[in-house]
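Here's a quick briefing to read alongside the model. Have the sequence and the coordinates open as you go.

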Amino acid sequence: MSRFFLTTAIDYVNSQPHLGTAYEKICADVIARYKRLCGFDTRFLMGNDEHSQNVFKKASEEGLDPLAYCDQMEEVFRTAWRRLDVSFDDFIRTTEPRHKAGVTDLVKRIHEAGDIYEGVYEGWYCVSCEEFKQEKDLVDGNCPLHPTLKPEWIREKNYFFRLSKYQQPLLDHFAAHPEFMQPDMRRNEILRLIESGLIDVSVSRAGQSWGIPLPWDPRSVVYVWFDALINYASAVGLGHDPQMFERWWPADLHVIGKDITRFHAVIWPAMLMAANLPVPRQIFGHGFMTLNGQRMSKTLGNLIDPGDAAGRLGTDTLRLYLVKEVAFGGDGDFSWERYDERYNVDLANNLGNLVSRVTTMAVRYRQGRLAPTGASSDQLTRLGEQMIAGYRRAMDCFALHEGAAAAFQMIDATNEFIAATSPWALAKDPASADRLTQVLYDAAEAIRLAAVLLQPIMPSSSREILRRVGVAGDGLTLDRDARWRNDGERMLALDGPLWPRRDATAGADVRVGPSDAKEPRTVTDNETKPTAVPPTRAGAPALVPPAPQTSPDPTAASASPAAPPASPAPSPPPLQASPAPGESSSERIAIEDFMKVELRTAKVLTAERVPKSNKLLKLSVDVGTEQRTLVAGIAEAYEPDALVGRTVVIVFNLKPAKLMGIESNGMVLAASPDGGKPTVVSFDEPPPPGTRVR
Ligand SMILES: [Zn+2]
């Protein structure tokens with residue numbers, strides 16, 4: 001069996017997993033699952049990058065031994081990836097002995113080849129990037145990625161890797177293997193960079209203890225970037241398991257972010273060439289996710305926890321959004337509004353509704369039991385074959401969004417097929433009994449094919465859909481299962497909606513959802529907790545009926561199917577609307593809970609607009625004992641000057657939060673009518689600043 005070894009970038013453990021990192025892991029997971037579906041013996045590697053000075057610093061700040069800190073973070077990352085159904089086969093940590101063996105082996109090989117030499121490094125170093133910076137790369141003297149951070153000027157004994165020697169071999173490699181770096185635009189960027197000349201790079205840091213010592217000079221450790229790249233090889237045996245290394249190296253694919261293509265497509269292959277080892281077959285540099293068009297970053301305080309997004313509408317919904325809505329390789333945008341919208345359009349109204357209609361009709365007209373009575377629809381089978389071919393072409397070149405689109409074309413075609421054949425009309429005519437059975441069989445078969453194609457993207461939903469159309473979801477292969485079938489009896493199962501539609505009421509809690517992170521919220525007296533998100537896991541009870549269709553199909557309406565009593569398939573549970581807004585406000589809290597919230601008066605000293613925000617004002621306030629800065633979402637209702645001198649009420653003991661790069665220490669209370677402008681809570685005769693409000 002041919003093998004396929006793919007990797008993602010390993011993550012710095014001094015930060016938490018966020019939607020941007022999750023995007024990479026999910027896309028790589030889709031590729032891994034696709035390769036397994038194609039029958040490859042697939043190995044999918046992920047891991048954590050632990051030898052960073054920032055990790056060391058962060059651990060000391062928390063009073064932890066760095067390794068103990070890394071142990072904790074390993075759990076954080078593993079939990080996040082499990083939550084997103086990321087099916088890695090191996091997870092490497094750069095503090096593991098196997099990695100140390102790989103690094104030691106590789107640097108020794110390069111050193112022995114004469115491509116590592118001793119020198120003195122003098123120049124700029126950004127501690128946050130942990131990268132040496134050239135003068136020409138600095139912006140106003142600062143790191144371009146850390147505009148508030150002045151790089152350090154360092155002078156130390158370093159070992160250098162003779163990267164300059166590999167300019168021509170790299171150019172030759174790129175010419176001989178046009179597929180080496182993808183997509184093409186990144187390949188062209190890298191080619192221009194190589195053509196402009198390569199300078200030798202530092203591979204060690206002196207006087208540090210956190211890292212892997214150079215075998216010939218243990219007073220120096222391997223520079224973290226050099227160290228990190230080697231994980232791909234050490235995870236498959238470099239320096240400790242030659243047989244395994246023989247089996248799995250070189251990697252077939254490194255999936256990485258576009259910001260680290262230079263390390264992966266220039267330095268890494270040159271390192272391997274120097275060590276006389278094969279270079280990876282392909283590197284794919286994906287784009288970045290933005291939030292509402294804005295870059296997501298720790299500094300901006302707008303990072304999204306992927307667990308929140310998965311919790312809101314289901315893991316598979318998040319996976320589908322990231323894969324289908326972003327052309328893989330380019331940049332993509334996430335917004336909570338669009339996320340909800342795509343859920344309704346693609347899942348609730350389209351795929352979920354189709355599964356529900358076909359299983360409902362199968363149960364109503366045929367007690368769920370379907371077997372072919374003749375030939376399949378020519379049109380549907382032909383379309384199916386085209387879509388499967390298109391899907392394979394797209395997925396083979398990692399156009400994941402086109403793969404997802406192909407599966408959805410199949411779903412659209414099936415909806416059209418049902419509209420054109422009108423099974424409900426056939427059901428009225430006893431002479432059309434065989435025809436009806438075949439139509440339903442074909443529709444179920446088309447759904448089955450779509451579910452097979454969607455398996456890499458939506459693994460648990462695919463399995464559930466396959467169950468409902470009466471086939472097993474285990475051990476699928478494209479060669480066997482992505483083919484039109486017209487044989488064998490199937491027992492379809494009717495169950496509640498896979499993706500209950502999120503109606504406008506449920507959608508209204510967008511602003512109290514995790515999207516809050518982007519702008520602060522003012523508290524209102526009638527504020528309620530967000531209504532519970534309808535369960536979206538397969539098999540969960542239904543809360544909302546499938547969306548009504550415009551077609552005359554009676555089964556498409558929300559009525560429960562009149563399944564015969566003998567039917568083994570349960571009817572959907574009684575239909576029920578989402579909880580009305582405010583319903584959850586009946587959940588009252590105890591006085592002790594309220595008293596945990598420390599409300600105090602504060603006098604506004606200065607107020608100004610937050611640049612690039614329509615809603616935010618930056619206030620400095622006197623709270624009696626100190627002066628504080630806070631950010632309030634009231635710019636639409638108040639001119640900054642009108643607030644100066646006024647006494648407001650703030651939540652005094654709120655944890656600080658970063659909003660648009662400003663640390664906010666507290667929250668201003670305001671009444672916020674739905675759709676209206678906020679009014680800050682104020683007094684006729686203001687008490688002195690710092691007075692407790694209760
Ligand atoms: Zn930097």
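The zinc ion takes its protein donors from Cys126 (SG), Cys129 (SG), Cys143 (SG) and His146 (ND1), at 2.1 to 2.3 Å. Donors here are N, O and S atoms within 2.8 Å of the metal (3.2 Å for Na, K and Ca), and water is not among the atoms, so sites may look incomplete. Keep in mind that this is a predicted model: local features need pLDDT of at least 70, side-chain atom pairs count only at pLDDT 80 or more, and totals for chains, interfaces and linings use all residues. Residues are numbered from 1 along each chain as its sequence is written, and side-chain values use heavy atoms, with hydrogens and water left out.

**Zinc site**
- Along the chain, the donors of the zinc ion are spaced as C-x2-C-x13-C-x2-H.
- The arrangement is tetrahedral because the four donor atoms subtend angles of 102 to 114 degrees around the zinc ion (for four donors, all angles must lie between 85 and 135 degrees).
- Cys126 counts as buried because its relative accessibility is 2% (buried means under 20% relative accessible area, with a 1.4 Å probe and protein chains only).
- Cys129 also counts as buried, at 8% relative accessibility.

**Strands**
- Strands S5 (residues 116–126) and S7 (residues 152–161) run antiparallel, joined by ten bridges (strands are DSSP runs of E, at least two residues, numbered from the N terminus; a pair needs at least two DSSP bridges).
- Val120 has Lys157 in S7 as its bridge partner.
- S5 also pairs with S6 (residues 131–133), antiparallel over three bridges, and Tyr125 stands opposite Phe132 in S6.
- Four residues lie between the strands in the hairpin of S5 and S6, where Glu130 takes a positive phi near 55 degrees.

Conventions: Four donors count as tetrahedral if all angles lie between 85 and 135 degrees; four count as square planar and six as octahedral if opposite donors are over 155 degrees apart and all others between 65 and 115; anything else is irregular. Buried means under 20% relative accessible area, exposed over 50%, partly exposed in between (1.4 Å probe, protein chains only).
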